[in-house]
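This report covers a sheet and the helices on it, one further helix, and the pairing of aromatic rings. The sequence and the model come first.

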Amino acid sequence: MADPTSKMKLTTKALERLAKAPPATGEDVWDTELAGYHVRPGKRGLTFRLYYRTKTGQRRMLTIGRYGALTAAQARQRAAEALAIVAQGGDPRAALEEAKAEAVHQQQQTMGAYLAGPYAAYQGRKKGGKATVQSIEKHFAGWLDKPMGSLTRVDVERWQAGKEAEEPPPAFTTLTRVYGALCTLLAHAAERKVIPTHPLAGVSLQRPAMTEEEMAGQAARRRYLEAEEVEALFAGLAAYQEEKRQQRRRSRAHGKPHLPDLDGVAYVDHVAPFIELMFYTGLRPGDLFGLRWEQVNLTFATIRKVIEKTAHHRPEPQTFPLSSAAVAVLKAWHQQQGAPASGLVFPSPRTGRRLASTAMQKPWANVRKLAGLPGDLLLYTLRHHFASQLVMAGVDLLTVSKLMAHSDIQTTIQHYAHLRPDHARDAVEAYAASATSKSEANTSHGSHEVMSVGSVS
């Protein structure tokens with residue numbers, strides 16, 4: 001080590017003077033209090049450094065940082081900490097390298113880093129995976145710099161309270177969905193040993209108390225159609241088709257004769273067969289949007305496909321029998337489409353690709369209006385109607401669960417078991433009737449014996 005050419009206490013004022021009039025490059029300025037601590041001038045300014053000897057006598061140099069990025073006090077503190085490590089027989093440069101490695105490791109464990117890296121790649125192979133990543137980024141923006149393993153129940157409670165304070169607050173079902181997406185990410189990281197354990201395992205959101213209006217709305221959303229509503233629905237579909245046919249007639253009569261004639265076809269567009277097929281099968285709209293002719297067997301009256309909602313944990317296809325009414329809808333639509341052997345059953349009429357998830361909103365509103373059905377009646381009600389009618393007809397819940405493609409029969413039980421014919425009540429009524437009959441018979445027999453005894457006497 002060269003002899004010091006300049007010594008001074010490296011205070012803020014001293015460093016300011018050196019920065020304005022630095023010594024020649026390589027001419028170190030040594031601190032008068034901490035042995036080995038100095039600054040070295042260079043083209044990029046002053047650099048804090050420290051010479052020290054390891055326990056084995058090896059001479060080493062530690063670069064502490066650049067003046068400007070560090071203050072005089074910060075650099076002195078770091079130099080003092082490094083010398084304390086030396087005094088205890090350690091090597092501060094090795095400790096610094098370990099700290100840097102740990103910092104990199106911690107950065108890799110932040111939710112933002114994992115979300116943008118391994119998890120984005122994982123979700124990128126799944127349908128809707130990009131939207132899942134974006135949803136987590138949006139709803140948990142304040143957590144992206146947090147190490148995943150540091151998340152706690154308190155963090156979840158604060159997050160939920162913050163969301164519920166928004167105006168308007170998100171629905172609890174929305175919060176549950178995005179929180180579930182976060183928990184899936186954490187489970188993914190724990191399974192791959194990026195973090196030791198899932199930090200939020202067993203932590204659930206707290207369901208807020210429902211108002212009377214919300215309870216009424218919840219009941220209305222999961223309901224079935226009354227007989228007159230079913231009749232109105234099909235009348236509305238007929239009115240929708242006639243309205244479209246009239247529009248086409250006018251267009252053809254006023255300068256657009258090249259447009260196809262709609263009077264000679266069963267369906268004016270995809271709307272009526274889509275709604276009718278949902279009514280007769282109970283399939284979710286998403287599964288009808290993705291339904292392909294390769295998955296439809298009109299000869300054996302079945303649909304065999306992977307259910308999109310549960311595809312991530314149940315990727316094998318499921319088979320669904322079709323009623324004669326459903327087959328009639330599909331046969332008419334298949335013939336009208338030119339009897340294709342493959343492709344989407346309900347492609348976009350403009351692009352030929354899959355319809356958007358919102359594609360049925362306006363048509364359903366139009367059909368609902370023409371039918372005179374309630375304005376809050378959801379298209380999804382047709383699925384609930386399908387299940388409800390099966391249960392009320394006495395079909396066992398396991399069969400209904402399979403036809404509804406529920407991943408767990410408990411879902412079927414939770415939402416539809418109350419509609420079952422009351423076999424338990426029938427049983428106790430039968431018991432009571434039997435017991436009453438026997439009691440009356442015994443009473444009658446006892447009266448006869450009394451009368452007989454009286455006559456003898």
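## Sheet, helix and aromatic pairs

An open sheet is formed by 4 strands in the order β1-β2-β3-β4, with antiparallel pairing. Its edge strands are β1 (29-30) and β4, each of which pairs on one side only. The model is predicted: local features need pLDDT of at least 70, side-chain atom pairs count only at pLDDT 80 or more, and totals for chains, interfaces and linings use all residues. Residues are numbered from 1 along each chain as its sequence is written, and side-chain values use heavy atoms, with hydrogens and water left out.

Helices (H or I, at least four residues) and strands (E, at least two) are DSSP runs numbered from the N terminus. Two strands pair if DSSP finds at least two bridges between them.

Strand β2 (residues 37-42) pairs with β3 in the antiparallel sense over 6 bridges, and His38 stands opposite Arg49 in β3. Helix α1 (residues 12-20) packs on the sheet and touches β1, β2 and β3. The direction of α1 makes about 120° with that of β3. Helix α2 (residues 72-87) lies across β2, β3 and β4 and runs at about 15° to β3. For these angles, axes are lines fitted to C-alpha atoms, for helices over the stretch in contact, and the angles run from 0 to 180 degrees between N-to-C directions.

Strand β3 (residues 45-53) is joined to strand β4 (residues 59-66) by 7 bridges, and the two run antiparallel. Tyr52 stands opposite Arg60 in β4. β3 and β4 form a hairpin with 5 residues between them, and Gly57 in the turn has a positive phi of about 90°.

Thr47 is placed in strand β3. Thr47 has a relative accessible area of 19% and is therefore buried (buried means under 20% relative accessible area, exposed over 50%, partly exposed in between, with a 1.4 Å probe and protein chains only). Leaving out residues up to four places away in sequence, Thr47 touches His38, Val39, Arg40, Thr63, Gly65 and Arg66; contact means heavy atoms within 4.5 Å.

Helix α6 (residues 153-164) has 12 residues, which at 1.5 Å a residue should span 16 Å; its end C-alpha atoms are 17 Å apart, which agrees. The expected span is 1.5 Å times one less than the number of residues. In α6 the buried residues are Asp155, Val156, Trp159, Gln160 and Lys163. They cover an arc of only 130° around the axis, so they lie on the same side of α6. The arc is that of the directions from the helix axis to the C-beta atoms. These buried residues pack against α5 (129-139) and α7 (172-191).

Rings of Phe, Tyr and Trp (its six-membered ring) pair if their centres lie within 6.5 Å; planes under 30 degrees apart count as stacked, over 60 as edge-to-face and the rest as tilted. The count by this rule is 15 aromatic pairs. Two of them are tabulated.

| Pair | Centre distance | Plane angle | Class |
|---|---|---|---|
| Phe234 and Tyr280 | 6.2 Å | 45° | tilted |
| Phe274 and Phe346 | 5.3 Å | 65° | edge-to-face |

Phe234 in helix α9 (residues 227-253) and Tyr280 in helix α10 (residues 271-281) are 46 residues apart. Phe234 is partly exposed at 26% relative accessibility, and Tyr280 is partly exposed with a relative accessible area of 26%. Phe274 lies in helix α10 and Phe346 in the loop between α12 (324-336) and α13 (361-371), so this pair ties together parts 72 residues apart in sequence. Both Phe274 and Phe346 are buried. One aromatic cluster is formed by Tyr267, Phe274, Phe289, Trp333 and Phe346.
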